[in-house]
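Keep the structure open while you read.

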Amino acid sequence: MLTRSLYLAVGWFALSLLATLAGGHRVRKGHPMLSMGWLTIVLLIGDVWALMTFGLPQQVLYATIGAFVFGVIWIFLLPNWNAFGQVTWAMTLLATLLFIIYSFMATAFTPLNTLSFLIALDFFILEALALIMALTHAYESLDLFCRIRWKRRFTSIQTVAEYMPMVSLHVPAYNEPPEVVQETLNSLAHLDYTNYEVLVIDNNTPGEENWDKIHDMCLELGPRFRFVHLDNWPGYKSGALNFALAHTAPEAEIVGSIDADYIVQPNFLRALVPAFADPKVGFVQAPQDYRYNPRDPFSESTYHGYKYFFEVSMPVRNEHNAIIFCGTMGLLRKSALQEIGGWDEWCITEDAEASLRILKLGYESYYIKHSYGRGLMPYTFEGLKKQRFRWCFGGIQILKKHWNSLMPWAKWVDPQNQLTFSQRYFYLVGGLQWFTDVLNLIFGIFLTLGAVASIFYGIFSVRPLTGPLLIVPAVFLFLHLWRFLWVLRQSLHLRARTALRSMYNFFSLGWVVTLACIQGLILKKGVFLRTPKSKGQSKMWSALRVTQWEAMIGLLFLGCGLAAFIVRPEFKTFWLGLLLTWQASLFLAAPYFSLLSVRTLPVPQQRQPILDRGQAVAENFAARWVWGGFVVLVIAACIAFQIPLPTRLPNYALLQPPTVPPELLMGINPTPAPVLTATPLPTQTQMGTLPPSPTAISPTTTASITAAPSGTLTATPDSLTPTPTGAAPTATASVTRSPLCTPTSTMTPSTTPPPFTPTAAPFATPSC
Amino acid sequence: MDTRKDLREVPAHSIADRSIRDLLLETEKASREGKSQYAYQLSVQATRVVPESVEAWLMRLALAPSFEERVICMNRLNELSPDYRDRYNLSYFTQKELFDREPFLAYQEETDELYRVINGDHLPVNIRKKRAAVNPALYEPSSKLRAAYGWLTMAIAGLLLAGIGTLIFAPLAALSAAQAGRHSRSRAEWGNSVIVLLFAILLFLLGGGLLFLFALHWLG
């Protein structure tokens with residue numbers, strides 16, 4: 001029942017998602033009856049497929065009724081989505097839940113030695129977490145494209161007559177090229193708003209000659225512009241911003257922080273300030289936009305990577321009043337900022353952290369989806385890595401500091417916490433989603449272990465490779481990737497090639513995000529990443545050296561995948577190789593983009609953003625945690641190979657979920673297996689290892705990709721050759737097959753304890 | 001400095017028996033009548049008689065003839081009461097003038113309410129932060145609750161060892177949480193203790209289940 005229901009749910013999920021992507025998202029009307037109608041259609045189509053192939057009528061009926069009830073619940077829980085979104089979400093959730101249950105059953109009740117079970121269990125936990133992460137991404141995409149009623153979608157704010165409060169714009173600067181700052185200040189001088197001041201706070205720039213030019217610029221621009229140089233000032237950017245807050249004009253009601261490399265449009269303040277006429281509004285954010293060269297593939301893909309957040313995540317979060325304040329191109333109510341105690345100097349993403357504290361006080365936030373200024377992006381991959389490291393590290397810091405406020409029971413614990421459920425969800429998920437890349441790397445390591453095991457041992461006894469564990473994760477992986485690419489294309493209006501490159505640009509930073517997650521969990525204070533440097537080498541070599549770890553990991557994955565297939569050319573090693581190639585491509589994208597970034601010379605005024613905040617963490621040093629984990633896994637796996645497997649069929653194995661041969665899904669009846677009886681105990685079994693069977697791979701998926709190796713204890717036809725040893729038969733396993741049913745096994749009790757008999761039936765299919 | 005000279009000119013005993021309130025009223029009256037020098041001298045006296053009076057220092061800040069003295073008054077005001085009500089933004093304008101003259105500030109130290117800096121002329125300046133006191137970087141619960149969190153984290157990590165670690169650490173977490181609950185300093189802390197306790201129990205059950213499965217595999 002479970003296996004068939006899972007296949008059916010995956011079918012419904014695939015069908016509903018494909019229909020949504022094919023055009024269902026365009027439907028702008030919604031009604032529960034319409035949704036239930038669409039749900040019925042999806043379920044019936046799935047049922048027809050099931051009944052024509054693998055399904056048993058009674059089981060299909062039960063599964064359909066269950067799915068219908070589940071779908072109806074979600075139709076009423078998501079009244080602002082169209083039918084396609086509601087049904088897709090319900091089916092995604094159902095398929096994921098069923099797979100997690102199936103995966104647990106397969107993990108828990110497959111006869112394994114204890115260490116293999118331990119590895120399998122850990123793998124299952126990681127797999128479940130990855131699937132939950134994938135669900136959060138899916139929810140975000142569907143919320144954006146299938147929402148038919150938006151309550152808080154703004155592209156502009158209605159002007160309020162005579163409301164023109166004073167605004168204090170803070171421009172923190174550290175070691176900025178004067179010509180870059182000049183552009184920013186000039187743009188601020190031309191704002192079509194009369195009541196504002198600009199405070200340029202230069203913190204810790206060494207050498208008076210470097211900051212004096214900016215001082216002169218401020219003097220030239222008039223009394224509206226003021227300059228202060230802070231020497232030996234603590235707290236990095238937030239320290240400077242906190243000082244600016246102390247020195248803000250007393251009559252200022254609104255403050256804004258503008259990066260020193262932003263060219264702001266004249267109507268920036270006129271467009272955003274009216275939002276503050278509502279005293280409940282704590283902060284307003286407009287998208288951060290960048291100047292980029294569309295002819296430079298690195299610049300273009302990086303730009304789209306940034307834009308994704310402001311085109312997809314922020315509108316969705318805004319609908320739930322859960323946006324984050326991103327610093328530049330945003331405005332805050334000064335009193336709210338003062339109320340929360342200013343910017344947090346401990347957190348290196350002080351802007352996002354401040355927004356959480358403001359929302360916690362019960363203020364509202366607005367996201368205005370219209371670009372009012374453009375800044376500079378890092379022009380090398382190294383700069384991009386450092387920036388992503390900082391963002392991720394800061395995200396983990398926020399999670400560490402505020403996790404207590406984001407829990408479902410937070411309001412009960414602290415009644416002053418005004419965060420709504422949605423706000424808590426989005427802030428919690430926003431922090432946890434960083435760990436997707438960590439999971440991705442771990443799955444890559446598992447895959448590599450599987451490949452190595454298949455090369456040297458020919459078997460990796462972690463988990464049985466039953467149909468669903470092979471097929472369902474592959475379907476998840478394919479569909480989630482397709483959805484991500486589709487969202488990229490639709491939301492950013494990209495061609496397929498550009499979208500693919502942007503996606504790879506996004507994923508190529510997985511390694512640095514992993515490092516930041518680990519460092520963020522371990523270290524208390526803000527740190528920045530120091531990438532490996534090369535001296536006296538060419539730019540190309542430097543670019544490669546900056547991504548040496550990514551290249552090494554990518555090549556390791558690729559090499560292992562190819563080697564496994566070459567040594568044992570089978571379908572399963574082919575599948576393993578394919579997954580490892582995919583994983584490798586994500587890491588090898590890093591040197592590719594690094595080389596791309598140095599291929600194009602930056603325009604003269606571009607600069608590397610200053611991201612060094614805190615103590616430096618050398619990448620080589622930080623990577624040791626990952627390698628430590630890898631070594632532990634390798635040792636555990638090596639020991640697992642040596643520990644004997646169960647020598648007889650345990651009773652708990654009967655609880656394994658039954659398998660449905662994958663051929664049945666296509667309506668092809670599998671070749672019946674021979675009835676095996678009285679199989680003598682093979683010599684190898686007595687030694688505690690099963691006869692060789694192909695390495696089993698169980699891929700799973702996250703928003704990007706996840707895949708994992710697992711092995712099988714299930715004897716396959718290849719490994720079922722009985723090896724007579726002269727031992728008397730003590731158990732009988734009979735295997736019967738029907739066209740619509742997998743082999744059924746019956747354990748015949750005997751007077752003596754039945755020794756383990758490696759037959760397909762008992763392990764794979766206790767019941768049908 | 002002018003300040004010291006002014007302080008010498010008006011003997012303190014002449015106003016010693018007068019209340020500070022009267023003195024300030026008289027200062028204000030003199031100032032309104034255009035007797036700025038006299039008003040200034042009265043304000044100096046007021047700050048001498050009651051050096052902790054914010055109003056007196058504010059009055060003196062408003063009347064001080066020299067920029068340096070205004071900076072001194074501002075510093076003193078900020079020291080005395082960082083959240084005083086500066087109706088005419090006198091302190092802000094002094095600060096603004098100071099930074100316009102010399103935009104260099106070197107950090108010395110800070111308190112919850114003030115930055116202590118020196119400017120390019122080595123003049124010490126106290127600057128009000130004008131914001132609520134900042135909470136510690138990370139929430140610091142009581143030591144008992146902190147211990148409970150620590151054990152709970154270990155118990156969660158223990159799930160990776162088929163629940164073996166969980167069965168060891170979850171009871172410790174529960175014990176620490178119960179103790180933390182008894183000695184809680186606030187309602188929030190009590191609430192967190194209860195949550196930890198419940199989670200520890202839940203984890204213990206989960207760990208037990210996983211360990212059962214582990215035992216099944218162990219025993220074959």
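**Helix packing and the chain interface**

Q: At what angle do helix α12 (residues 350-360) of chain A and helix α13 (residues 381-406) of chain A pack?
A: This is a predicted model. The axes of α12(A) and α13(A) lie 10 Å apart. The angle between them is about 20°.

Q: Is α12(A) roughly parallel or roughly antiparallel to α13(A)?
A: The packing angle is about 20°. Angles under 35 degrees count as roughly parallel. Therefore α12(A) and α13(A) are roughly parallel.

Q: Which residues of α13(A) make the contact with α12(A)?
A: α12(A) passes α13(A) in a right-handed crossing. From α12(A) come Ala352(A), Glu353(A), Leu356(A) and Lys360(A). By class, the contact has 3 nonpolar, 3 polar and 2 charged residues. On α13(A), the residues are Gly394(A), Ile398(A), His402(A) and Ser405(A).

Q: Which element gives the most to the side of chain B that touches chain A?
A: In chain B, 37 residues are in contact with 41 residues of chain A. On the chain B side, α6 (90-101), β1 (104-110), β3 (124-128) and α9 (187-219) each give two or more residues. The class count for that side is 26 nonpolar, 7 polar and 4 charged residues. With 10 residues, the top contributor is α9(B).

Q: What is the bridge partner of Asp231(A) in β1(B)?
A: Strand β3 (residues 225-231) of chain A pairs with β1(B). The pairing runs in the parallel sense over 3 bridges. In β1(B), the partner of Asp231(A) is Ala106(B).

Note on methods
Residues numbered from 1 in each chain as written. Chains lettered and ligands numbered in written order. Predicted model: local features only at pLDDT ≥ 70, side-chain atom pairs only at ≥ 80, totals over all residues. Axes fitted to C-alpha atoms, helices over the stretch in contact; angles between N-to-C directions. Helix = DSSP H or I, 4+ residues; strand = E, 2+ residues; numbered from the N terminus. Parallel < 35°, antiparallel > 145°, perpendicular 65-115°, else oblique. Left-handed = near helix turned anticlockwise from the far one by under 90°. Contact = placed C-beta atoms within 7 Å. Nonpolar A, V, L, I, M, F, W, Y, C, P; charged D, E, K, R; others polar. Pairing = 2+ DSSP bridges.
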